[in-house]
Amino acid sequence: MQYINSREGMASWTEHTLPPLVIKQLNDKMYEKRKSGALEIEKILKDYAAKEDFQSIEQIIVCLGKEFANAPTAQPRNGGLIGLAACAIALGKHSSKFTEKLVKPALACFTDPDNRVRYFACEALYNICKVSRGSVLTFFNEIFDGLSKLADDTDTNVRNGSQLLDVLMKDIVSESGSFNIPSFIPLLRDRIYTKKPFCRRFVVCWINLLNNVPDINMLVYLPEILDGLFYILGEESPEVRHICVQVLKHYSAQIKAVTDRKDQGLADDDFSVDFASMTNILILHSQSEDANIQLHAIEWMKEFLMLAGRQMLAFYPGIVNCVLSTQAYIGDHRRACKECAKQVDEVLRQLITTEDDSQSCKLLDTATLVQTLMDALRLQSMHTKIAALRWFHHLFKTIPNKVFTHVNEVFPLLLSTLAHESDEVVIADLYVFAEIAASKVPADADLVSNVIPTEMKSRLLESVGTYFIYSMHCLLGTFNSERSLLDEKGLFIIRQLCMLLDADSVYRTMSELLLNSQDFKFISVMVRNLNLILLTATELFDLRATLKSVSCEDESSLFRCLYMSWCHNPVAVVSFCLLTQQYRLASQILQHFGEIDITVELLTEVDKLVQLLESPIFIYLRLQLLEPNSNHYIVKALNSILMILPQSEAFKTLQSRLQCVSQLHHSSFADEPKGLVNEDWLTHFKTVQKQHTSYKRSLRATKAAKLS
């Protein structure tokens, strides 16, 4: 296009359109002159309109749009814009016939490099829209796009001008019944991701307006803009954040209202809530680094869980991951997020029921959820670990059939977690461990067949399940491979298991499994620990009471089971015999101490035994010393201990105790000794000790061979 750069050229081109004086005025630098020219145009167009000469009107509008508003210099562009506004004012109701030719030139000037041109473009379009009203909605997307850019204009006057036009457009949209919302949403979805504060304010204000227009249902488009709204929540401007929060509250109230109507059977197809498409957005933002975004996302997630219920099961892995990650926060800056996440956690667990354990129930992705929990358990945070372990406990208890298919993956992780420094973590871990051990879920036939003899397996399965045997076998294996865990937390772990499970079963199973080990040193250490717990732990009071009387068959069986492994530790088996009132057997075993290797470690254990004999656990034994005629083997056993000890504090303590009842002793006793008298018990002890001697000899030979 060739522009009119001279008065003669322009006069020639507009001979049948605009008078020369008007052309001159529109090109003038002075605003008043350009305004006078615009007023002349207004008069001319009114005359044409009265005559219904729309062709001449169109020629003038086209001339203003092409030759003035599109001119290479600023003055003609300013003149063209004011002229276009004058045209719209002059045409009044007829302006709708020329909306495109009036609007497009003004929109083109929104991006003009000259500040004044952009301002006059806003002013011109304001006047055009004010007259044309609803007809400009055909170009709403273009107008919105232009205004969204001008909202952050560097020039204050331009921003003010665009705001006036923005207010007018909102009035037009509010009063119009023909606003094309579907065609607008893609543009809104694109513009909502702007990072400029003024632009964000512009966008969120429009969403707020559309939410309040009765004929527009914005809820159906929420999934398309929800992500952008959460990003805007991270805006530094308090005003923008406040508006965004109000918008989200409006949507939240709408969602609740629609869900309530649906529950009452009054749902409208035009108002539905797409929980599925929005949940993934919430999961994403619930892990945001911005505390405000994260808190609102978690709050929305809680509302979704309460409203959608079991529909949310499909999203459990992502939601649980979010909940667990928030538990790692320390301090006050994320306290609200952490507390809200705990509430979400409670609702999540309530929604999982036993019906989810059925193979026909496909809502819950168990495999992914288990993997999510395993990943969380590997994290450093103590609180995250505890939360993950509580989830494991809940799943093994509620949907065991599905979760036990992953037990081979989970169990090694549970065993490694036992070494955690926090007792809270270890206790939570043991709750899961105990739930697995006590489970009656059918197990793989080969789960324990490959690790223990068939005869032992059959014997154990009479009283406990396969998973119980498997759990205890794995725990003993862990203690054996990680001696530091046994030394530091072994006693604590076994005591907790005796509280969570049947102590009788724990001791019986461990005792049997220890007999299958070839590491005699480990067996001896393990028996020493088990014996110490048996003698001192309040949790094992009932088991001690049972062992004090071995008259019935079952109790005798328990004694036999424990005795066989206890023989791997001489001091432990003596204390065990004293506990079970097998004083004759204890005396016989002590007589054999002269044939075994007496080490400093063994003497230390004997010293500790004397201290235990002075504890409340052995009150009954000390009282029985007052009846030497029927319990003379007690005296013999204690005197044997006295002879084994060096003259230490323990020696003096025991000697003093025995001197208290020395005058009651007689040289002969007529009563039969109390307790088991089968010589096989002593023979077994001697056999085991010979095995220990051979084991130590082989270790020394191996060590010497390595040194040579």
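Predicted model: local features only at pLDDT ≥ 70, side-chain atom pairs only at ≥ 80, totals over all residues.
Two packed helices are described by the angle between their axes and the distance between the axes. The axes of α31 and helix α32, the latter spanning residues 583-591, come within 8 Å and cross at roughly 160°. Because angles over 145 degrees count as roughly antiparallel, α31 is roughly antiparallel to α32, and the crossing of the pair is left-handed. On the α31 side the contact is made by Val573, Val574, Cys577 and Leu578, which meet Tyr583, Leu585, Ala586, Ile589 and Leu590 of α32. Sorted by class, the residues of this contact comprise nine nonpolar, no polar and no charged residues.

With α33, the geometry of α31 is described by an angle of about 20° and axes 9 Å apart. Since angles under 35 degrees count as roughly parallel, α31 is roughly parallel to α33, and α31 passes α33 in a right-handed crossing. Here Pro570, Val571, Val574, Ser575 and Leu578 of α31 meet Leu602, Glu605, Val606, Leu609 and Leu613 of α33, and the residues in contact divide into eight nonpolar, one polar and one charged. Val574 and Leu578 are listed in the contact of α31 with α32, and they are listed again in the contact of α31 with α33.

A further pair is formed by helix α11, residues 197-211, and helix α12, residues 222-232, whose axes come within 11 Å and cross at roughly 130°. This angle makes α11 oblique to α12, and the crossing is left-handed. Arg200, Val204 and Ile207 in α11 meet Ile225, Leu229, Tyr231 and Ile232 in α12, so that by class the contact has six nonpolar, no polar and one charged residues.

Attention now turns to the pockets. Rolling a probe the size of a water molecule over the atoms shows where empty space is left. The largest pocket has a volume of about 460 Å³ and is lined by 22 residues, of which Ser524, Asp597, Thr599, His692 and Lys696 lie nearest its centre. By class, the lining of the largest pocket divides into eight nonpolar, seven polar and seven charged residues.

The second largest pocket has a volume of about 400 Å³. Among the 19 residues that line the second largest pocket, Arg459, Glu512, Leu515, Cys561 and Met564 are the closest to its centre. Two or more residues of this lining are given by each of α24 (454-461), α27 (503-514), α28, α30 (553-566) and α37, with α30 giving the most, four residues. The lining of the second largest pocket consists, by class, of eight nonpolar, six polar and five charged residues.

Technical notes: Residues numbered from 1 in each chain as written. Heavy atoms only, no water. Axes fitted to C-alpha atoms, helices over the stretch in contact; angles between N-to-C directions. Parallel < 35°, antiparallel > 145°, perpendicular 65-115°, else oblique. Left-handed = near helix turned anticlockwise from the far one by under 90°. Contact = heavy atoms within 4.5 Å. 1 Å grid on protein atoms, 1.4 Å probe; cavity = no way out; pocket = protein on both sides within 12 Å on 5 of 7 lines; lining within 4 Å. Points joined across faces, edges and corners; volume = space filled by probe spheres on them.
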